[in-house]
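Dear colleague,

I am handing over the structure below, and after it you will find an account of what was found. Please read the account with the structure open beside you.

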Amino acid sequence: MVKICCIGAGYVGGPTMAVIALKCPSIEVAVVDISVSRITAWNSDELPIYEPGLDDVVKQCRGKNLFFSTEVEKHVSEADIIFVSVNTPTKTRGLGAGKAADLTYWESAARMIADVSKNDKIVVEKSTVPVKTAEAIEKILTHNSKGINFQILSNPEFLAEGTAIQDLFHPDRVLIGGRDTPEGQKAIQTLKKVYAHWVPEDRIICTNLWSAELSKLAANAFLAQRISSVNAMSALCEATGADVTQVSNAVGKDSRIGPKFLNASVGFGGSCFQKDILNLVYICECNGLPEVANYWKQVIKVNDYQKSRFVNRMVSSMFNTVSGKKIAILGFAFKKDTGDTRETPAIDVCKGLLGDNAHLSIYDPQVTQEQIQRDLSMEKFDWDHPTHLQPMSPYGVKQVNVVSDAHEATKDAHGLCILTEWDEFKTLDFKRIYDNMQKPAFVFDGRNVVDASKLREIGFIVYSIGKPLDAWLKDMPAVA
Ligand SMILES: NC(=O)C1=CN([C@@H]2O[C@H](COP(=O)(O)OP(=O)(O)OC[C@H]3O[C@@H](n4cnc5c(N)ncnc54)[C@H](O)[C@@H]3O)[C@@H](O)[C@H]2O)C=CC1
Ligand SMILES: O=C(O)[C@H]1O[C@H](OP(=O)(O)OP(=O)(O)OC[C@H]2O[C@@H](n3ccc(=O)[nH]c3=O)[C@H](O)[C@@H]2O)[C@H](O)[C@@H](O)[C@@H]1O
């Protein structure tokens, strides 16, 4: 029986391995992690991540050919194929701080693999890594190999959170990069056979190592660039009276452009877009390509601009101050159908409002009070480390109250803002909400989920990203 071990039981390692186990009953899959609490949760009824369809997949295979364990070394030494899906945070200090990928967790995993291995192994990069990481990993492994042959493959993951299971069941493509040697090609074929259990062969792309590594960074950069492009347009729409939804629709009808990923928003979030673009920028700079680096840097700058523009719009609309005012925040996760808050735009918006001394009442159907307090007290990039290694502020943020429904959040509030596009926000009883708010009552829709004209009829003053402004907002300065 082929044995697979995946180091890192996170958002990628957990769902990907669960789907491999489901689709390949003849393969034994062990997912290992240094975080005891994560592994305990994977072995319980309350999985550590919320992902539609995941519970079902895990329940079908756990204890049969899918195992979650903290016995990292044991499972690594027994495996034929080892996936490495550990954190690759942005460096916060030293060379490349604020941009380069921190490969500490990757390197320690590689050294451990070299230490405990007794037979030949295929080591698969699942984490998103800088181009040429495979070369560094190869060196660590071969210099410590005791005669064992290691083949390194790059097999980046393209799943998106909230749709991870469907993405894994029906991937647009699976990408496998390897060395152009007979051993390298053989390793590619071995991994290809695993995916071929359920992925059509023409969707499995095989390339050299560096193309696979770079394609992952490129794909995320292209996706994020589309959002920054439409968000840049949203600012121009507000200034001119155009409607960004109509513009996106018209632009997306061009089959060369396509309709997906053109929703204007308060900004993109998530654990990867910013991190991966910063990483790409750093690689460009290191390769003497400052113009290319600046081009991609702009995608992040526009994203930051969009978030601060939103906060400025809120504050300036509410008589230029939110000091002491209750503001309801509906949605904190970085997108709907996930409880993940990593780099969520809600953090920057909330911090901006807190900077103006607002009182926040936050509701998200999937994010806990503890997580929100942790996010609002953490330094940038500190979130991307194994949970037990994250520096924690012992104090919560006083002006923040986390509540369990939207009506409680909005009661007596001066304004409400929608930061995640949860479906339940579309069908809220806005008349009841309006009646219970201070007047004038403001709605700031960072995801374009509400029907602005209906809300205006109720009496709200409404701001929707990239939509024609109502009279109240027109004369207010939006950009500080
Ligand atoms: N979250 C996503 O949707 C996607 C993430 N990626 C990439 O996949 C990688 C992992 O991301 P996530 O799963 O989101 O991170 P995560 O933080 O959810 O999971 C990483 C896990 O690795 C564990 N870990 C770290 N060092 C370890 C070690 N030496 N031994 C054993 N376990 C160790 C941590 O405790 C943690 O549970 C990153 O490189 C990310 O860029 C790629 C595609 C999608
Ligand atoms: O490398 C990764 O981590 C993953 O990053 C993204 O997936 P994810 O971050 O989970 O979610 P997305 O659906 O891409 O959304 C990212 C952010 O962009 C925002 N977004 C998305 C689409 C859009 O039109 N507008 C928009 O503002 C979302 O609200 C969210 O905040 C990519 O879509 C995945 O292919 C990739 O594997």
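**The two ligands and their surroundings**

A nitrogen atom of ligand 1 has a backbone N or O atom of isoleucine 34 at 3.4 Å, a polar contact in the sense of a pair of N or O atoms within 3.5 Å (within protein, one must be able to donate a hydrogen and the other to accept it, and residues adjacent in sequence count only if both atoms are side-chain atoms). Please keep in mind that this is a predicted model, in which local features need pLDDT of at least 70 and side-chain atom pairs count only at pLDDT 80 or more, while totals for chains, interfaces and linings use all residues. Residues are numbered from 1 along each chain as its sequence is written, chains are lettered from A and ligands numbered from 1 in the order in which they are written, and side-chain values use heavy atoms, with hydrogens and water left out.

Ligand 1 also has an oxygen atom 2.6 Å from a side-chain N or O atom of aspartate 33, and a nitrogen atom 3.5 Å from a side-chain N or O atom of serine 108. On its own, ligand 1 has 830 Å² of accessible area, of which the protein covers 94% (Shrake-Rupley method with a 1.4 Å probe; for residues, only the protein chains shown count as cover). Around ligand 1 there are 26 residues, of which Asp33, Arg38, Thr88, Glu161 and Lys275 come nearest, a residue being counted if one of its heavy atoms lies within 4 Å.

Taken alone, ligand 2 exposes 700 Å², and the protein buries 90% of that. Its shell holds 20 residues, and the largest share, 4 residues, comes from helix α9 (residues 209–240), where helices (H or I, at least four residues) and strands (E, at least two) are DSSP runs numbered from the N terminus.

**Backbone geometry**

Most residues other than glycine have a negative phi, and most peptide bonds are trans. Glutamate 343, however, has a positive phi of about 55°, and the peptide bond from lysine 439 to proline 440 is cis, with omega near -5°. Glutamate 343 sits in the loop between β9 (326–330) and α13 (345–355), and proline 440 in the loop between α16 (430–435) and β13 (442–445).

With best regards
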